[in-house]
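Work through the following exercises with the sequence and the structure in view. Try each task before reading its solution.

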Amino acid sequence: SKADLRFGLIGFSDAEADTIILRRYEKTNPATPKDTFLLTERFNRRSDTLEMVAFSSNALMQSDYTYEIIIPQAGSLIRIIEIAEEQRSIRLGLTDKVGCVNFITSCKLNDQVTSVSGNDVYLKK
């Protein structure tokens with residue numbers, strides 16, 4: 001199955017993170033949104049970082065699409081493109097059974113290549 005990219009926010013206030021709009025685009029038609037979602041995700045604050053702790057499937061991004069995250073109260077628009085996904089085989093338990101796991105390894109945030117750790121990417125204000 002496809003890996004899901006989650007996001008956290010660095011430098012945003014709780015009030016700014018209250019309203020987040022996610023637009024999803026087909027890679028072949030980046031001019032017209034395929035879907036637009038108003039996200040109502042729950043974040044926990046850790047210092048200057050908000051981490052997503054409860055989220056809907058609408059908030060999870062996949063490598064099949066490109067995205068825009070709009071944070072109106074902060075005046076922020078972040079484009080997420082070129083989500084790179086890697087499939088890895090893992091050994092399950094003490095048996096010889098092998099499973100597959102997909103990981104997001106990188107993406108571009110506003111045209112800047114950004115590494116991804118644990119399928120999480122952090123958006124800076």
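**Exercise 1: An exposed residue**

Leu-94 has a relative accessible area of 83%, so Leu-94 is exposed. The model is predicted; local features need pLDDT of at least 70, side-chain atom pairs count only at pLDDT 80 or more, and totals for chains, interfaces and linings use all residues. Residues are numbered from 1 along each chain as its sequence is written, and side-chain values use heavy atoms, with hydrogens and water left out.

Task: State where Leu-94 is found and what separates the C-alpha atoms of Leu-94 and Lys-34.

Solution.
- Step 1. Exposed means over 50% relative accessible area, buried under 20%, and partly exposed in between (1.4 Å probe, protein chains only).
- Step 2. Leu-94 lies in the loop between E7 and E8. Such labels follow DSSP runs, numbered from the N terminus: helices are H or I with at least four residues, strands E with at least two.
- Step 3. Leu-94 and Lys-34 are 60 residues apart along the chain, and 44 Å separates their C-alpha atoms.

**Exercise 2: The open sheet**

Task: Find the order of the 4 strands in the open sheet, and explain why one side of E4 and of E10 is left without a neighbour in the sheet.

Solution.
- Step 1. Two strands pair if DSSP finds at least two bridges between them.
- Step 2. The order is E4-E5-E1-E10, with mixed pairing.
- Step 3. E4 and E10 (120–124) are at the edges and each has a single partner strand, so one side of each lacks a neighbour in the sheet.
- Step 4. E4 (residues 42–46) and E5 (residues 49–54) are antiparallel, with 5 bridges; Phe-43 is opposite Met-52 in E5. These two strands form a hairpin with 2 residues between them, and Ser-47 in the turn has a positive phi of about 60 degrees.
- Step 5. E1 and E10 run parallel and are joined by 5 bridges. Here Arg-6 stands opposite Asp-120 in E10.

**Exercise 3: Aromatic rings**

Task: Describe the 2 aromatic pairs of the structure.

Solution.
- Step 1. Rings of Phe, Tyr and Trp (its six-membered ring) pair if their centres lie within 6.5 Å; planes under 30 degrees apart count as stacked, over 60 as edge-to-face and the rest as tilted.
- Step 2. Phe-7 and Phe-43 are 6.2 Å centre to centre with 50 degrees between the planes, a tilted pair. This pair links distant parts of the chain, as Phe-7 in E1 (residues 6–10) and Phe-43 in E4 are 36 residues apart.
- Step 3. Phe-7 counts as buried because its relative accessibility is 2%, and Phe-43 because its value is 17%.
- Step 4. The ring centres of Tyr-65 and Tyr-67 are 6.4 Å apart and the planes stand at 70 degrees, so this pair is edge-to-face. Both Tyr-65 and Tyr-67 are buried.

**Exercise 4: The nonpolar core**

Task: Which residues touch the most other members of the largest nonpolar core, and which strand gives the most to this core?

Solution.
- Step 1. A nonpolar core is a set of buried Ala, Val, Leu, Ile, Met, Phe, Trp, Tyr and Cys residues joined through side-chain atoms within 4.5 Å.
- Step 2. The largest nonpolar core has 28 residues, and Leu-5, Phe-7, Leu-9, Met-61, Ile-69, Ile-80 and Leu-123 touch the most other members.
- Step 3. E6 gives the most to this core, with 4 residues.
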